[in-house]
Amino acid sequence: MSATLGALIRLLEPEWSITMIERLDGAAAESSDPWNNAGTGHSALCELNYTPQNSDGTIDIKKAVHVNEQFQVTRQFWAYAVENGVLPDVKSFLNPIPHVSFVHGGDSIEYLRKRRETLVSNPLFSTMEYIDDKDEFARRLPFMAEQRDFSEPVALNWTTDGTDVDFGSLSKQLIGFAAQRGMTTMFGHEVTGLSKQSDGSWKLNVVNRRTGDRQKINAKFVFLGAGGGALHLLQKAGIPEAKGFGGFPVGGAFLRTDNQDLTVAHQAKVYGQASVGAPPMSVPHLDTRIINGQSWLLFGPFAGWSPKFLKQGSVTDLPLSVKPNNLASMLGVGVTELGLVKYLLEQLALSEGERVDSLREFAPSAVDSDWELDVAGQRVQVIRRKGIGGVLEFGTTVLTAEDGRIAGLLGASPGASTAVPAMIEVLERCFADRYQTWLPKLKEMVPSLGIDLSGEPELYREVWDWGTKVLKLDQSA
């Protein structure tokens with residue numbers, strides 16, 4: 001998010017002074033690192049939690065359409081950025097991979113059939129296929145078909161329009177573009193406090209984590225895109241908009257393999273269904289990944305738990321985030337989310353063998369020795385005040401102060417996939433006096449900006465074909 005915002009501002013205002021403060025010694029080493037996330041270009045093609053079934057049996061696709069519309073904006077900006085030298089190495093961060101939904105059992109198969117029937121009426125999902133033939137299943141997903149007992153029926157929703165994204169490589173290229181054009185980069189530095197000045201600007205207290213040297217930086221605008229660490233900084237800023245917000249950290253882990261026999265036999269991102277009562281973030285999926293030019297398979301996620309808000313954070317992160325203004329929210333979630341607590345406890349108790357057993361529900365022939373466990377990044381789920389208590393939210397939230405001088409990002413998936421629309425929203429909210437003058441340039445970057453492509457099939461096809469060619473998504477990974 002921060003890298004995207006920096007690149008957007010540099011494109012819109014080449015002469016502005018921009019400083020990026022990063023607590024680690026390298027770029028994109030936390031949540032954006034390719035091993036710290038699933039690398040899915042989230043566009044609601046395969047994620048079943050975006051298409052719930054209503055009580056009358058119909059399928060609600062509103063959220064799926066919204067998420068896909070957001071990804072279309074991101075995809076168009078990436079295409080513009082490739083054409084204009086902002087992103088010089090597209091294949092290092094973006095590759096075409098089919099996105100697939102997988103279910104088994106009669107009721108789930110009927111749901112998947114209705115899901116496809118409902119979605120294909122929308123231009124954004126028109127290429128989606130429904131597959132319930134076991135021979136076709138085996139042809140497309142040989143690793144998942146091997147040793148499978150097809151006496152239990154299975155079905156797929158298959159879309160070739162999906163992507164695998166290395167958000168680390170993407171972030172580094174965006175940061176590199178802005179840095180080459182004058183952005184100051186301060187790696188190994190941490191913001192320890194920030195205070196609003198009488199003229200509306202912000203004074204940041206910054207410490208060099210290597211030397212201990214301290215300095216103060218004044219800024220007319222501040223964006224807090226520090227992953228889970230953004231909550232602490234929003235609290236230190238003391239803006240009213242952040243009051244009542246809390247965070248619940250959840251770790252993640254994936255089984256991974258680079259066994260070429262397996263990576264060749266499974267070339268798709270296949271999402272299943274979450275267990276009854278489990279949170280949306282627990283949806284199991286078996287994914288093709290392309291990282292540093294090498295093919296991998298990942299399966300998970302398996303939940304872990306730590307009070308840290310960042311993978312390289314502190315065990316005091318959670319307790320220090322509890323404030324008088326969010327205590328009721330935190331306690332309320334503790335009472336209402338007992339299902340999440342139960343799920344986390346069950347996940348923490350899993351052995352290595354039990355994790356591979358979970359994988360065998362997708363790929364019955366999986367062998368323990370082929371797989372290793374990779375600990376992924378920390379997510380901090382948003383806790384928002386509701387009534388006298390609070391509610392746990394699974395999504396991405398952007399907070400902005402009333403005067404537009406500071407903004408911050410909270411939450412997780414679909415997260416990075418929606419970075420461009422989220423940051424354009426920040427520009428609109430925080431630079432209202434300039435936004436209209438920026439609009440022509442922004443529409444050059446995102447031709448469909450402000451338009452729902454669902455209602456404009458000809459424009460959708462035009463920008464889609466342009467993006468596919470420029471982003472080399474017509475070339476296999």
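User: Where does Ala28 lie?

Analyst: Ala28 is in the loop between strand 1 (19-22) and helix 2. Helices (H or I, at least four residues) and strands (E, at least two) are DSSP runs, numbered from the N terminus. This is a predicted model, in which local features need pLDDT of at least 70 and side-chain atom pairs count only at pLDDT 80 or more, while totals for chains, interfaces and linings use all residues. Residues are numbered from 1 along each chain as its sequence is written, and side-chain values use heavy atoms, with hydrogens and water left out.

User: What is the phi of Ala28?

Analyst: The phi of Ala28 is near 55 degrees, which is a positive value in a residue other than glycine.

User: Which residues does a cis peptide bond join?

Analyst: The bond links Gly300 to Pro301, with omega about 0 degrees. Pro301 belongs to strand 15, which covers residues 294-304.

User: How should I read a helix crossing, and at what angle do helix 2 and helix 15 cross?

Analyst: Each axis is a line fitted to C-alpha atoms, for helices over the stretch in contact, and the angle runs from 0 to 180 degrees between N-to-C directions. For helix 2 (residues 62-83) and helix 15 (residues 457-470), the axes come within 9 Å and cross at roughly 45 degrees. Angles under 35 degrees count as roughly parallel, over 145 as roughly antiparallel, 65 to 115 as roughly perpendicular and the rest as oblique. Helix 2 and helix 15 are therefore oblique to each other. The crossing of helix 2 past helix 15 is left-handed; that term applies if the near helix is turned anticlockwise from the far one by less than a right angle, and right-handed if clockwise.

User: Which residues make the contact of helix 2 and helix 15?

Analyst: Contact means heavy atoms within 4.5 Å. Helix 2 contributes Gln72, Arg75, Gln76, Ala79, Tyr80, Val82 and Glu83, and helix 15 contributes Tyr460, Val463, Trp464, Trp466, Gly467, Thr468 and Val470. By class, this contact of helix 2 with helix 15 has eight nonpolar, four polar and two charged residues. Here Ala, Val, Leu, Ile, Met, Phe, Trp, Tyr, Cys and Pro count as nonpolar, Asp, Glu, Lys and Arg as charged, and the others, Gly among them, as polar.

User: How is a cavity defined, and which residues line the largest cavity?

Analyst: On a 1 Å grid over the protein atoms alone, a cavity is a set of points where a 1.4 Å probe fits but cannot get out, and lining residues have an atom within 4 Å of a point. The count is one cavity of 30 Å³ or more. The largest cavity holds about 50 Å³ of space, a volume being the space filled by probe spheres set on the points, which are joined across faces, edges and corners. Its lining consists of Ser43, Leu45, Asn68, Phe71, Gln72, Leu124, Asp161, Tyr460 and Trp464. Helix 2 and helix 15 each supply at least two residues of that lining, and helix 2 gives the largest share, three residues. By class, the lining of the largest cavity has five nonpolar, three polar and one charged residues.

User: At what angle do helix 1 and helix 14 cross?

Analyst: The axes of helix 1 and helix 14 (residues 432-445) cross at roughly 120 degrees and come within 10 Å. Helix 1 and helix 14 are therefore oblique to each other, and helix 1 passes helix 14 in a right-handed crossing.

Methods. On a 1 Å grid over the protein atoms alone, a cavity is a set of points where a 1.4 Å probe fits but cannot get out, and a pocket is an open set with protein on both sides within 12 Å along at least five of seven lines; lining residues have an atom within 4 Å of a point.
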